[in-house]
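These notebook entries record what I looked up in one structure, step by step. The sequence and the model are placed below for reference.

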Amino acid sequence: MLTNEINCDITFLVGRERQRMSAHKYVLASRSSVFFAMFYGPVAETNNEIEIPDLEPKIFASLLRFLYYEDFTVQTNNAPDLLYAANKYGLMKIVKKCKKILEETMSVSNVCNIMESAHTFNDAELLRKCREFFYREPVKCIHSESFLDLCAECVDNVISSDELTVEEYLIFERVLEWADAECVRKDKDLNDSSRRQVLGKILNHIRFPVMDSKYFAEKVAGREILSKSERLAIFTFICSGHKSQTDSNFKSSKRRGRYVRSSSTKQNTHISQSNRQRVAMRFAREGHVSLRNENLWYVGQKADKIDFSSSKTIYIHGVVVYGCGIEGTEYNVNASILRTGLPFLSNELSHVSTTIPVTVPYKTFNIFFPEPVHIAPNIKYTIAVTMQGPRSYWGEGGEESVTSDGVQFDFYKSSGETNGTDVDHGQIPGLIFIK
Ligand SMILES: [Zn+2]
């Protein structure tokens, strides 16, 4: 029916070459809510020719084949484009397959492409995996060709993190190369003034104050990337042996590696240990978060709770919680791990009380228990988190069962839950564990 184009009632003009491809509206609409809205929704297309300039004809042909025959093949080379297309038309079966292949074949050369795709479709879980990969091989990833193709927001996210353990001058030089690429994309002249303009807030996440004084004098001070007053403030700070007040626009602390966002010294986990740590994340995506306050998760006196069990003996070292991404704010967090269903006091296995400054535009942060907590297999435990601070992000599309590094976690709604978190949505998006 598709190949013969019998009784087709819609034609797509696909790609830059506007290749004609015909199909049947009812078939597409019955398989995809996006096509349904396109053809039969309140603002339906009345035109029988629809342009699809952002997809390659062969990718769109794969989607059609899936919609008609449930037949699709994902390979490493078409997975990023297919993921984009499947997200666009809400075809979750293809999305899942693409993500699996991309996660399995993530490499230094494609991690930035995957990151950009995850960013476009607000896929928090894939984005987190890309960042984890990036920070494991930061020097190689930052020098990959596709780093230059990232959007400004993604560059800013990568650059602002404490987890980016790369010498500051290398970050500066690579970010300048990105700025040149961005100037070309935006048709701007290649000079320091336009570079500064396209860099915007990215510039503030380069830690000039910790640069070597000789490098700063030779490679930064003579350029117009920073303003005169910024250069003077940073130079004074460096020359005073890091004792004077630095310009508050730039951080003067060194990047400290992974998991530095937890506050007590005992919780700071060095890179060697973090290599053993795994994170099991339970949500497919972030909730419908907008800046409107009412769409954020309520944070206050009540505890968010989730129950879980593990298929193997493990140690829970901490939990991942959602923050708000507003720099300069902080959360007071109390987190406990308990045996489920037994009286509270006698069954609290570990507890941590900490203050988390929100200093990076990350949507989650990690809270660590003072020591890893032994978890026996197939026994229910409860995680309880009380947070005080601004309303937070939240997740949705939670899985009842998640496998991470060969350990299966099953999640259950906690009977003592009072703040709304359950398996499907809410707070506590992940568990940090050691096998
Ligand atoms: Zn991006």
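Is Phe 283 buried or exposed? I worked with a predicted model, and in it I counted 23 other C-beta atoms within 10 Å of Phe 283. The cut-off for a buried residue is 20 or more such atoms, so Phe 283 is buried.

**Entry 1: the surroundings of Phe 283**

I located Phe 283 in strand β5, which covers residues 283–286. I then looked for its contacts, leaving aside neighbours within four places in sequence. Phe 283 is in contact with Glu 125, Gly 395, Glu 396, Gly 397, Gly 398 and Pro 429.

**Entry 2: strand β4**

I next examined strand β4, residues 277–281. Four of its five residues are buried, so β4 is largely enclosed by the rest of the structure. I found that β4 pairs with strand β16, residues 430–434, in the antiparallel sense over five bridges. In this pairing, Met 281 stands opposite Gly 430 of β16.

**Entry 3: helices α4 and α5**

I turned to the helices. Two packed helices are described by the angle between their axes and the distance between the axes. For helix α4 (residues 79–88) and helix α5 (residues 92–104), I recorded an angle of about 150° and axes 9 Å apart. An angle over 145 degrees counts as roughly antiparallel, so α4 is roughly antiparallel to α5. The crossing of α4 past α5 is left-handed.

Which residues of α4 and α5 make the contact? From α4 I listed Ala 79, Pro 80, Leu 82, Leu 83, Ala 86 and Asn 87. From α5 I listed Ile 94, Val 95, Cys 98, Lys 99, Ile 101 and Leu 102. Sorted by class, the residues of this contact are 10 nonpolar, one polar and one charged.

After α6 comes Asn 122, where I noted a positive phi, near 50°.

How many of the 10 residues of α6 are buried? I found seven, so α6 is largely enclosed by the rest of the structure. The buried residues are Val 111, Cys 112, Asn 113, Ile 114, Met 115, Ser 117 and Ala 118. Their cover includes α4, α5, α7, α8 (138–142) and α9 (152–159).

I then checked α9 in turn. Six of its eight residues are buried, so α9 is also largely enclosed by the rest of the structure. I recorded Cys 154, Val 155, Asp 156, Asn 157, Val 158 and Ile 159 as buried. These residues pack against α6, α7 and α10 (168–185).

Methods: Residues numbered from 1 in each chain as written. Predicted model: local features only at pLDDT ≥ 70, side-chain atom pairs only at ≥ 80, totals over all residues. Axes fitted to C-alpha atoms, helices over the stretch in contact; angles between N-to-C directions. Helix = DSSP H or I, 4+ residues; strand = E, 2+ residues; numbered from the N terminus. Parallel < 35°, antiparallel > 145°, perpendicular 65-115°, else oblique. Left-handed = near helix turned anticlockwise from the far one by under 90°. Contact = placed C-beta atoms within 7 Å. Nonpolar A, V, L, I, M, F, W, Y, C, P; charged D, E, K, R; others polar. Buried ≥ 20, exposed ≤ 12 C-beta atoms within 10 Å, placed from the backbone. Pairing = 2+ DSSP bridges.
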